[in-house]
Amino acid sequence: MKQGQRNFGGDWTTEKLERVRKYLAAYTTIMNKYPFHFAYIDAFAGTGYRKLKQDENPNELMFPEIAEQEVQDFLEGSASTALQVQPRFQKYIFIEKDENRSSELQNLKTEFPSLQNDIELVQSDANAYLKDLCLNRNWKKHRAVLFLDPYGMEVEWNTITAIAKTQAIDLWLLFPLGVAVNRLLKRDGNIDTTVRHKLDRFFGTTDWYDAFYETIPTQTLFGKEMVTQKTGDFKSIEQYFVKRLQTVFTKVANNPLPLYNSRNNPLYLLCFAAGNPKGASTAVKIAQDILRK
Ligand SMILES: C[S@@+](CC[C@H](N)C(=O)[O-])C[C@H]1O[C@@H](n2cnc3c(N)ncnc32)[C@H](O)[C@@H]1O
C-alpha cells in the first residue's frame, strides 16, 4: 500500500499487525512439514489487545446508528493476533516489562483455553530476557518468529546480534524512524553525549555519524569555516539500518515498510530479517512479498 492510500479504518497499527499476521500463517504452514519445535515470541507484547480511541472507531464513523449498540472497543493486539493464527504455533512466549500490562496478558489463557498450556508469560525487560534465551539455549531443534514492537529505541544492538546468532529466528522489527532516530539526528550535528551514546548503543557502532553528517568548508560571515550539516534523510536512514541488519543476519528484506501517521509522517519502518542459512531465502521472499502488497 502506498503513502496516502490506507484502507478506511486501517491505521498504521492495523497495517503493521496484518503484515506480521500474514507471515505467521505462512510460517506455521511451512514449519508443520519440518521436525522443529517452533514458537512465536512477542517481546513487547503489551496487553494482548489495543484500546480503540472513540474518535478512531471505524464502526461509529461508518454506521453511526450502531454507536449506541455494542461497539467494539478493543482491537486485536499482536499477542491475540498470533494466538489466532492457523495452523497454530507449538509455543507462545509473551514478554512484557510493565506489571499491569503483563498481568492483563493472563486473560489470554482464559480466552484461548486450548492454547493455555503452551502460553508462557514473562514479566521482564525484553533485552535481558532475549539475550539469555538466544545465547544460553540450544537452538538446534528450535525455530521461532520473534516480533519486536517497541515504542522507541528500546531494542539494543547486542540483543539484535544475539537473535541473529541463533540462526534459528525470523525477526520482525519496528524501527523507530520518525518517532525517534530522525528526531535525534539534529540538523547541525551538535548532538549531546548522552544522545550520542544512546544512538551508539542502538546502532551498535559509532559510524552512523559519518553516514548522516558531512563537514564541509563553507563561507560564513566570519570567513571560511568548517560547517557540519545533516545529510541523512528518511531514505538514507532506512538504507543504513538495512545494511546494519545485513551485517549480522543471513538475509534481510530490502523493502521495509514505512508506517505513516494520519499526517503522512513516517513513524516507523517494519523490517524483516532471517537468521537460518537454509530457510532465509524463502523467508525473505515471503516477507518481501508481504511488505510489497
Ligand atoms: C507498542 S507497545 C506493544 C504493542 C503490542 N505489540 C500490540 O500489538 O498490542 C510496546 C510495549 O512494550 C512494553 N515495553 C517497553 N519497554 C520494554 C522492555 N524493555 N521490555 C519489555 N517490554 C517493554 C511497553 O510496556 C508496551 O506495552
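Here is a short walk through this structure, from its ligand to a pair of packed helices. The model is predicted, so local features need pLDDT of at least 70 and side-chain atom pairs count only at pLDDT 80 or more, while totals for chains, interfaces and linings use all residues. Residues are numbered from 1 along each chain as its sequence is written.

Let's start at the ligand. There are 18 residues around the ligand, and Phe44, Gly46, Gly77, Ser78 and Ala126 come nearest. (A residue is near a molecule if its C-beta atom, placed from the backbone, lies within 6 Å of it.)

Next, look at the loop between helix H6 (126-135) and strand E6 (142-148), where you will find Asn138. Helices (H or I, at least four residues) and strands (E, at least two) are DSSP runs, numbered from the N terminus.

Now move on to strand E9 (residues 223-230). Among its eight residues, the count of buried ones is zero. E9 runs antiparallel to strand E8 (residues 213-220), and eight bridges join them; strands pair if DSSP finds at least two bridges between them. A hairpin of two residues joins E8 to E9.

Finally, find helix H1 (residues 12-31) and helix H12 (residues 280-292), whose axes are 10 Å apart at an angle of about 150°. Axes are lines fitted to C-alpha atoms, for helices over the stretch in contact, and angles run from 0 to 180 degrees between N-to-C directions. H1 and H12 are therefore roughly antiparallel to each other, a label for angles over 145 degrees.

Definitions and conventions
A residue is buried if 20 or more other C-beta atoms lie within 10 Å of its own, exposed if 12 or fewer, and partly exposed in between; C-beta atoms are placed from the backbone. Angles under 35 degrees count as roughly parallel, over 145 as roughly antiparallel, 65 to 115 as roughly perpendicular and the rest as oblique.
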